[in-house]
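Trainee: I would like to learn how to read the features of a structure one at a time. Could you take me through this one?

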Amino acid sequence: MGADIKSLRTRIRSVDSTLHLTKAMGLVAASKIRKATRVMNQSREYAAAMDDVVSVLRSSPECERTPYMQPAGEGTRLIVIAGDRGLAGGYNANIFRLAATEPDAEVIPIGKRACEHWGKPFVSSEKFPATDAKKLADELCRDFLDGNFGRLGILYTRYRSMMSQEATLLWVLPLEKQEKKENAEAAPLFEPDEQSVLNAAVPTYVSGLLAACVRESFACEVAARRMAMDSAGKNAQEMIDNLQLQYNRARQNSITQEITEIVAGSGL
C-alpha cells in the first residue's frame, strides 16, 4: 500500500510539471498571436494587390505568348513550408501528408521540421525575411524560363480561424489564362506593352506570394500550438484530479488498515 501511495505521489508531481510546461508554452504562443496575425494580414493585402495586377495582365491576349504561361520544361518544384518547432498538434504532420501526394516533386523546404524531413540546410519559417523571398523567387523564375522545371507550387497552411487551419497546395507557375469579365471596367494601358510588364512583374508577384504564405503559415503554427497546449493542459489537469482522487483513496485505505491493526493488536 505504501508503494502505491509513493508511486501516485511521484506521478502527480510528474504530471504537474508537465502542466506547468504546457501553460508556459501556451502563454508564449498567445503572446505571439497578435503580431503574427497582423503581419499575416499585411502580407495578404500586398499579395492580393499584386494578384489583381497580374490577373489583369493574364486576361490580355498579348500575354498568352509569355513564357510564364507556356512552360518550356517538365517536372515540379514544390516549396514546402512547415514549422521550426513541434508541439503544435497536427500542423507539421498535415503538411507532410499533403506533400506526399506529389512524390516526384523537387522539394524546397522552409522551416526546421521540413528541412529535417528532407535533409536540407535549415531555413527558418519564423524568421524568413522578404529579401530571402525575393532571392528565391528570382532564382525560381529564371529556372522556370530556362526550362529546368515546368510547374511551381507552394505548400503552406491556410489560416481560417484560431480553431481551424488547413494545409493547402497553391500552384503558382505556369500562370493560367484569366478570362476577361464582361462587366469589367476599361482595361488599363501598360507601357511598353502588356507582355513586357507581365514578364517584369512575375518575379515580384511570386516573391510577394511566397512571403505571404510563409507569414500565414507561421500564424497558423502559433495558433495550432496555442490550441494544442490548451488541450494538453486540460488533459493534464484532468489526469491530476483523477490521480489525486486515487491517492486520497489509497491514503484513506492505508490509514484505515493501520487503525484496524492497532485495534487488533491491543486485544480489544
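Mentor: Gladly. Let us start with a definition: a salt bridge is a side-chain nitrogen of Lys or Arg within 4 Å of a carboxyl oxygen of Asp or Glu. Keep in mind that this is a predicted model.

Trainee: Is R160 buried or exposed, or something in between?

Mentor: R160 is partly exposed, with a relative accessible area of 47%.

Trainee: How many salt bridges does a search of the whole structure find?

Mentor: The search finds nine. Two more are worth a look. R113 pairs with E116, with the closest N and O atoms 3.6 Å apart. Both residues sit in helix α3, three residues apart, which is about one turn of the helix. R113 is partly exposed at 32% relative accessibility, and E116 is partly exposed at 47%.

Trainee: And the other one?

Mentor: That is R77 with D143, where the side chains meet at 2.7 Å, N to O. This pair links distant parts of the chain, because R77 is in strand β1 and D143 is in helix α4, 66 residues apart. R77 has 11%, so R77 is buried, and D143 is buried at 16%.

Trainee: Which residues are linked with R77 in a network of salt bridges?

Mentor: The network joins R77, E106 and D143.

Trainee: Let us turn to the nonpolar side chains. What is the general idea?

Mentor: In soluble globular proteins, nonpolar side chains tend to be buried together. In this model the largest nonpolar core has 36 residues, and I79, I81, L175 and L210 touch the most other members. Several elements each supply at least two residues, among them α1, β1, β2 and α4. The largest share, 11 residues, comes from α5.

Trainee: Which residues does L210 touch?

Mentor: Leaving aside residues up to four places away in sequence, L210 touches I79, I81, I110, F128, A133, L136 and I154. There is also a second, separate core of 13 residues, including A29, I33, M40 and Y91.

Trainee: Y91 also belongs to a helix, I think. Which residues of helix α2 are buried?

Mentor: They are Y91, N92, I95, F96 and A99. These residues cover an arc of only 125 degrees around the axis, which puts them on the same side of α2.

Trainee: Where is E221 found?

Mentor: E221 is found in helix α5. With a relative accessibility of 2%, E221 counts as buried. Its contacts, not counting residues up to four places away in sequence, are G83, D84, R85, A88, Y91 and S125.

Trainee: How should I describe a pair of aromatic rings?

Mentor: A pair of aromatic rings is described by the distance of the centres and the angle of the planes. The count here comes to three aromatic pairs. For F96 and W118, the ring centres are 5.7 Å apart and the planes are at 75 degrees, so the pair is edge-to-face. F96 lies in helix α2 and W118 in helix α3, so the pair ties together parts that are 22 residues apart in sequence. W118 is partly exposed, with a relative accessible area of 27%. Elsewhere, Y68, F144 and F149 form one aromatic cluster.

Trainee: How many disulfides does the structure hold?

Mentor: It holds zero disulfides. To see why for C115, note that its sulfur is 17 Å from the closest cysteine sulfur, in C213, too far for a bond. The sulfur of C213 is 10 Å from the closest cysteine sulfur, in C220, again too far for a bond. C115 is buried, at 2% relative accessible area, and C213 is buried at 4%.

Trainee: One last feature, the backbone. What should I expect of peptide bonds?

Mentor: Most peptide bonds are trans. The bond from L173 to P174, however, is cis, with omega near 0 degrees. P174 is found in the loop between β4 and α5.

Key. Residues are numbered from 1 along each chain as its sequence is written. This is a predicted model: local features need pLDDT of at least 70, side-chain atom pairs count only at pLDDT 80 or more; totals for chains, interfaces and linings use all residues. Side-chain values use heavy atoms; hydrogens and water are left out. A nonpolar core is a set of buried Ala, Val, Leu, Ile, Met, Phe, Trp, Tyr and Cys residues joined through side-chain atoms within 4.5 Å. Buried means under 20% relative accessible area, exposed over 50%, partly exposed in between (1.4 Å probe, protein chains only). Helices (H or I, at least four residues) and strands (E, at least two) are DSSP runs, numbered from the N terminus. Contact means heavy atoms within 4.5 Å. A disulfide is a pair of cysteine sulfur atoms within 2.5 Å. The arc is that of the directions from the helix axis to the C-beta atoms. Rings of Phe, Tyr and Trp (its six-membered ring) pair if their centres lie within 6.5 Å; planes under 30 degrees apart count as stacked, over 60 as edge-to-face and the rest as tilted.
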